[in-house]
Number of protein chains: 2
Amino acid sequence: MNETKILLTEKEMPEAWYNLVADLPFSLPSLLHPATGQPTPIPPPIFPMALVTQEDSRERYIEIPEPVREVYRLWRPSPLYRAHRLEKLLNTPAKIYYKYEGGSPPGSHKPNTAVAQAFYNKEEGTKRIATETGAGQWGSALAFACKLFGIECKVYMVKVSYQQKPYRRILMESWGANVVASPSTDTNAGRQILAKDPQSPGSLGLAISEAAEDAFGREDTKYSLGSVLNHVLLHQTVIGLEALKQLEKTGDYPDMVIGCVGGGSNFSGLAFPFVRDNLVSGKKTRIIAVEPLAAPSLTRGVYAYDLGDAVGMAPIAKMYTLGHTFVPAPIHAGGLRYHGMAPLVSALYNHKMIEAVAVHQNPTFAAAIDFARSEGILPAPESAHAIRVAMDEAIKCREEGKAKTILFNLSGHGHFDLGAYERYLSGQLQDYEYPEAEVKRALQDLPKVAA
Amino acid sequence: MNETKILLTEKEMPEAWYNLVADLPFSLPSLLHPATGQPTPIPPPIFPMALVTQEDSRERYIEIPEPVREVYRLWRPSPLYRAHRLEKLLNTPAKIYYKYEGGSPPGSHKPNTAVAQAFYNKEEGTKRIATETGAGQWGSALAFACKLFGIECKVYMVKVSYQQKPYRRILMESWGANVVASPSTDTNAGRQILAKDPQSPGSLGLAISEAAEDAFGREDTKYSLGSVLNHVLLHQTVIGLEALKQLEKTGDYPDMVIGCVGGGSNFSGLAFPFVRDNLVSGKKTRIIAVEPLAAPSLTRGVYAYDLGDAVGMAPIAKMYTLGHTFVPAPIHAGGLRYHGMAPLVSALYNHKMIEAVAVHQNPTFAAAIDFARSEGILPAPESAHAIRVAMDEAIKCREEGKAKTILFNLSGHGHFDLGAYERYLSGQLQDYEYPEAEVKRALQDLPKVAA
């Protein structure tokens, strides 16, 4: 077998997403209402019913609607690569495979769920969707998906990113989205902040508040989230389901499956079908989540009920968290700067069904450059976290003389992250020590709920 | 047939490039030496012999070396798309297909030749390659290719682009290239200009002079060109050869084949195998080259001997030209801002074997936005010229009620052109009238040679 890319035909694209919840040997803790502390679904006024239902579903396989598959076909099935050149560079006996999600028009895995969410919204008559975005990865995926289904898209983009990263904003606008800097004058939440501090740089938490307020306030508008929730993770499983079929063609099966984690969606998308194999087929695959040391919720956080956003509009969830008032250092992997972790990923970690490791940003960029100079593709800084650990494991294989099979998720390309690459290449990139005292402080702010 | 992407396996990738010269019913005019006016090959001191030979070859098929195919596999075979969504938007009975070359790591068709050139250089012991780049599309392709073959790469980047478009520079540096702003202090040509005008913004002509001087001056160094020359066009034919195989799977054959032209390489790559079918199989496919009205060498230039660069270091070629002292307006399709046209493309046009049409930049951006909002992919401004004419022809099909089959080349993505998109979306993009007087002036400067 000497192929570089293992491809699937459009007919081989999965017809259903995989819902890991159906196979778990334990129950997931409920979401709690932020005001009452009582169990609650995700709020139907701002989510379409199809997604409210999926969020709590225990069905094992959930059909991917044909209109969603039709859009998926623009870039799916995505290629699985055998990293021949990286293996050679590392002089490792390991076989390294990576699933590449950067071929989607927005350049990451995010449209796997954005397209599904836009479809269900369209089905239920939604005319307009509001969302927030930090660096713009999620916002551009939703802008793309909304345009294809004829839905208006309003994106509240954290002001500091809006000013410093105009390219992602223009990309969203090219797909027809209305993008405003958050805090904006379009919502009460935004106006209140601006009244206090007209120069406020904004934050992801505030942008969530603005988007949610927008959706709660207009009957034609729903809200959409790009990670963390069960239905988002569900939609991403198309990645791992394809990878399983592709690996079957090679005759290999991974000893390790690796993904980076912020909210947890690309990791889950690749990993959950392999977690299932561990659960039901007696496989012993190591499943490794890689997080930045600047926001190490799994490796340094606590497993507790906490707010999903910064201001308490979202339900309270049991998850590994650094505290919702903790603000991660400004690392360039903006997609990993989240105080918490998807409840489903958190439960797996708590039950020791997955491992986690935290890495600094300079070593991840070093891995990204090694990867770009061997495999060609310039990775997103987020994805580079997975590359770092895949390379470390491949080097271990060389040292131990073991020919293991490694699979990781290359969740996106770095075409909009070249400023970060420049800082790395010129030696100006800072590593942030784990802010122990700051996390300790933030953990004092956890909500008091009956557990 | 309802597929979106028509894929080939790696085994179906062409094993040879197609050399159109072998099938031409006429001889190509020779290149002439700039000093003597005598017929000359491309200069062996700065090109590897394999490429000097390919430049004048009359062999019909030239084998693609296995190490080149190995690198091609990182993104080839490239997908052929059926533009179902664009057809629907235009409400046309036409079938629209496009070959997408933006999936290569540098994001365009350019590595098809960069990889081949790096390979032949490596074979002949070249340690270092010097080249020029304008906006950076070619420079990044060569930086990528050189890194994979372990060759040093020096890029002279036109200073105004170096300053205004740092992202392409950083991309080249991420692949290990040494990039300097041209005029630079590294060459006599650069130093002379800087002595006269320390603030000189540079030009492509000057950057070519610097790169060529660099290569002439160092025994370990060769020079590399990204378009215009026969061997470059040859390497690009992998595009059209794949497209032929892919269309065969659909049962369709194009009535029209469309590509944008600057130097002519992406157009030739797609079109030449179809030109062959016209010549030897009695097909009647219309082959349409699309150029910007700001640099309309085919539709408004003269067919004459002219310099390939601005300063007379390159051989003199018979081609459609606006005069080597003509400087095209600063349109955003930087890759199409060339005063001349590939001699081979020029000869085809002169023999009426291809058509040409010139378009303004605002209508091309309008087409790009329609395309992005239907097909998802954000096109490079260069490629948008082909989209514009493909859409115009599809609209004609609607008006005439004819279900023709249209194939065009989507030569690259627009991830590094978002500044141009912003200008278009905010209504600030200017259309440049065809500068008749300026071309008339420049045509006075054609070299005097015995034709």
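This is a predicted model: local features need pLDDT of at least 70, side-chain atom pairs count only at pLDDT 80 or more; totals for chains, interfaces and linings use all residues.
Let's start with the interface. On chain B, 43 residues are in contact with 43 residues of chain A. Together the two chains bury about 3900 Å². Carbon and sulfur atoms account for 55% of that area. Which three residues of chain B supply more of its buried area than any other three? They are B:Leu74, B:Arg85 and B:Arg373. Between them they supply 17% of what chain B buries against chain A.

The rule finds five salt bridges across it. One of them joins A:Lys5 to B:Glu10. There the closest N and O atoms are 3.4 Å apart.

Where do the chain B residues come from? Several helices of chain B each supply at least two residues to the side that touches chain A. These are helix 2 (66-72), helix 5 (137-149), helix 7 (166-174), helix 15 (361-375) and helix 17 (418-425). Helix 7 of chain B gives the most, with six residues. By class, that side of chain B has 22 nonpolar, eight polar and 13 charged residues.

On to the sheets, both in chain A. Take the four-stranded one. It is open, with the order 8-7-6-9, and the pairing is parallel. Strand 8 (178-182) and strand 9 (221-223) of chain A sit at the edges, each pairing on one side only. From one strand to the next, the twist averages 25°.

Look at strand 7 (residues 152-158) of chain A. With strand 8 of chain A, strand 7 pairs in the parallel sense over five bridges. Within that pairing, A:Tyr156 stands opposite A:Val180. Which helix packs on this sheet? Helix 7 (residues 166-174) of chain A does, touching strand 6 (128-133), strand 7 and strand 8. The direction of helix 7 makes about 170° with that of strand 7 of chain A.

The other sheet has seven strands. It is open too, in the order 1-4-5-15-10-11-14, and the pairing is mixed. Its edge strands are strand 1 (5-6) and strand 14 (355-359) of chain A. Strand 14 pairs with strand 11 (residues 286-292) of chain A, in the parallel sense, over five bridges. A:Glu291 stands opposite A:Ala358 there.

One side chain deserves a stop. A:Asn278 lies in helix 12 (residues 265-280) of chain A. Its side chain reaches the backbone oxygen of A:Thr285 at 2.8 Å. Leaving out residues up to four places away in sequence, A:Asn278 touches A:Lys283, A:Lys284, A:Thr285 and A:Ile287.

Last, the backbone. Most residues other than glycine have a negative phi, and most peptide bonds are trans. Here are some exceptions. In chain A, the peptide bond from A:Ser182 to A:Pro183 is cis, with omega near 10°. A:Pro183 lies in the loop between strand 8 and helix 8 (188-196) of chain A. In chain B, a cis bond joins B:Ser182 and B:Pro183, with omega about 10°. B:Pro183 lies in the loop between strand 8 (178-182) and helix 8 (188-196) of chain B. Then there is A:Val228, whose phi is positive, near 70°. Where is A:Val228? In the loop between strand 9 and helix 10 (230-236) of chain A.

Conventions:
Residues are numbered from 1 along each chain as its sequence is written. Chains are lettered from A and ligands numbered from 1 in the order in which they are written. Side-chain values use heavy atoms; hydrogens and water are left out. Contact means heavy atoms within 4.5 Å. Buried area is the accessible area (1.4 Å probe) that two parts lose on being put together, summed over both. A salt bridge is a side-chain nitrogen of Lys or Arg within 4 Å of a carboxyl oxygen of Asp or Glu. Ala, Val, Leu, Ile, Met, Phe, Trp, Tyr, Cys and Pro count as nonpolar, Asp, Glu, Lys and Arg as charged, and the others, Gly among them, as polar. Two strands pair if DSSP finds at least two bridges between them. Axes are lines fitted to C-alpha atoms, for helices over the stretch in contact, and angles run from 0 to 180 degrees between N-to-C directions. A polar contact is a pair of N or O atoms within 3.5 Å; within protein, one must be able to donate a hydrogen and the other to accept it, and residues adjacent in sequence count only if both atoms are side-chain atoms.
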